[in-house]
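Please open the model in a viewer and follow the selections below in order. Each stop names what to select and then describes what is found there.

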Amino acid sequence: MLTITFYPDPVLRLTAKKINAVTPEIRQLAADMLQTMYDANGIGLAAPQVSMSIRLVVIHIPGAEGTKKPIYLVNPVITAKSKEQCVIEEGCLSLPGISAKIKRPEFVDVSATDLDGTPFTIEAEGMLARCLQHEMDHLDGILFTDKASLAAKLSLRGELAELEEKFRTGEPVQMQQEKN
Ligand code: K1U
Ligand code: ZN
């Protein structure tokens, strides 16, 4: 199990590096990220959230409208996004206890490489489109709170300041609904 990095760790603000080759180490990291995501009850995880500043994302959205199986994305790129936008409540494993309604494109097309080095594309809508955008923002050092409305940003100020203080003092951060 990997350790999830919390806001405001500077690694979350870096532009992650492109992966040049899918090595056994990258495959092992992807497997460990997936297990870490499951243990934290998440639906997605980007490598910077486990302090690895590389362009690797895992996503598994359970349920009938979900992804059925995990998706591994190496060097993902959004190739198209819809003009239609929608508002969905987002959370983030790196910002435990914080959520906000965020407006983003409703549909996106994403190109990436899988763990065999094979290119693939996804035409995504709903929660998958949302999660892809959220995770790919992590690769560019962007957090969902950056995209919140001004009113939401103001109301989140106290909670963000609490996480900043815990980071400064080293006080442990409580994950939400963490599995035992
Ligand atoms: O990147 C992350 O921190 C993972 C994040 C993904 C995500 C959730 C919701 C919208 C966009 C992206 C999470 O998995 S947060 C925890 C979670 O499972 C969840 C939270 C809110 C709604 C649905 C799921
Ligand atoms: Zn996140």
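Select Arg 55 and Asp 140, whose side chains meet in a salt bridge at 2.9 Å, N to O; a salt bridge here is a side-chain nitrogen of Lys or Arg within 4 Å of a carboxyl oxygen of Asp or Glu. The pair links distant parts of the chain, with Arg 55 in the loop between β1 (44-46) and β2 (56-59) and Asp 140 in the loop between α2 and α3, 85 residues apart. Arg 55 counts as buried because its relative accessibility is 15%, whereas Asp 140, at 36%, counts as partly exposed. For these terms, buried means under 20% relative accessible area, exposed over 50%, and partly exposed in between, computed with a 1.4 Å probe on protein chains only.

The model is predicted: local features need pLDDT of at least 70, side-chain atom pairs count only at pLDDT 80 or more, and totals for chains, interfaces and linings use all residues. Residues are numbered from 1 along each chain as its sequence is written, chains are lettered from A and ligands numbered from 1 in the order in which they are written, and side-chain values use heavy atoms, with hydrogens and water left out.

**Further salt bridges**

How many salt bridges does the rule give? The count comes to seven. Next, select Arg 13 and Asp 146, which form a salt bridge through their side chains at 2.6 Å, N to O. This pair also joins distant parts of the chain: Arg 13 belongs to the segment before α1 (24-39) and Asp 146 to the loop between α2 and α3, 133 residues apart. Arg 13 is partly exposed, with a relative accessible area of 40%, and Asp 146 is partly exposed at 33%.

Move to Arg 168 and Glu 165, where the side chains meet in a salt bridge of 3.0 Å, N to O. Both residues lie in helix α3, three residues apart, about one turn of the helix. Arg 168 is exposed, with a relative accessible area of 63%, while Glu 165 is partly exposed, at 39%. Now select Glu 90, Arg 104, Arg 130, Asp 137 and Lys 147 together; salt bridges that share partners join these residues into one network.

**Helix α3**

Helices are DSSP runs of H or I with at least four residues, and strands are runs of E with at least two, numbered from the N terminus.

Which residues of α3 are buried? They are Ala 152, Leu 156, Leu 160 and Leu 163, and they pack against β5 (99-105), contact meaning heavy atoms within 4.5 Å. Gly 170 follows α3 and has a positive phi, near 80 degrees.

Select α2, which has 14 residues and spans 21 Å between its first and last C-alpha, close to the expected 20 Å. Of its 14 residues, 12 are buried. Just after α2, Gly 141 takes a positive phi of about 75 degrees.

Because His 134 and His 138 are four residues apart in α2 (residues 126-139), about one helical turn separates them. Both histidines, His 134 and His 138, are buried.

**Strand β2 and its partners**

Finally, select β2. Leu 56 and Val 58 point one way from β2 and Val 57 and Ile 59 the other, and all are buried. In a regular strand the side chains alternate between the two faces of the sheet. β1 and β2 run antiparallel and are joined by three bridges, with two strands counted as paired if DSSP finds at least two bridges between them. Across this pairing, Ala 46 stands opposite Val 57. β2 also pairs with β3 (residues 71-81) in the antiparallel sense, over four bridges, and there Val 57 stands opposite Leu 73.

Terms used:
Expected span 1.5 Å × (residues − 1).
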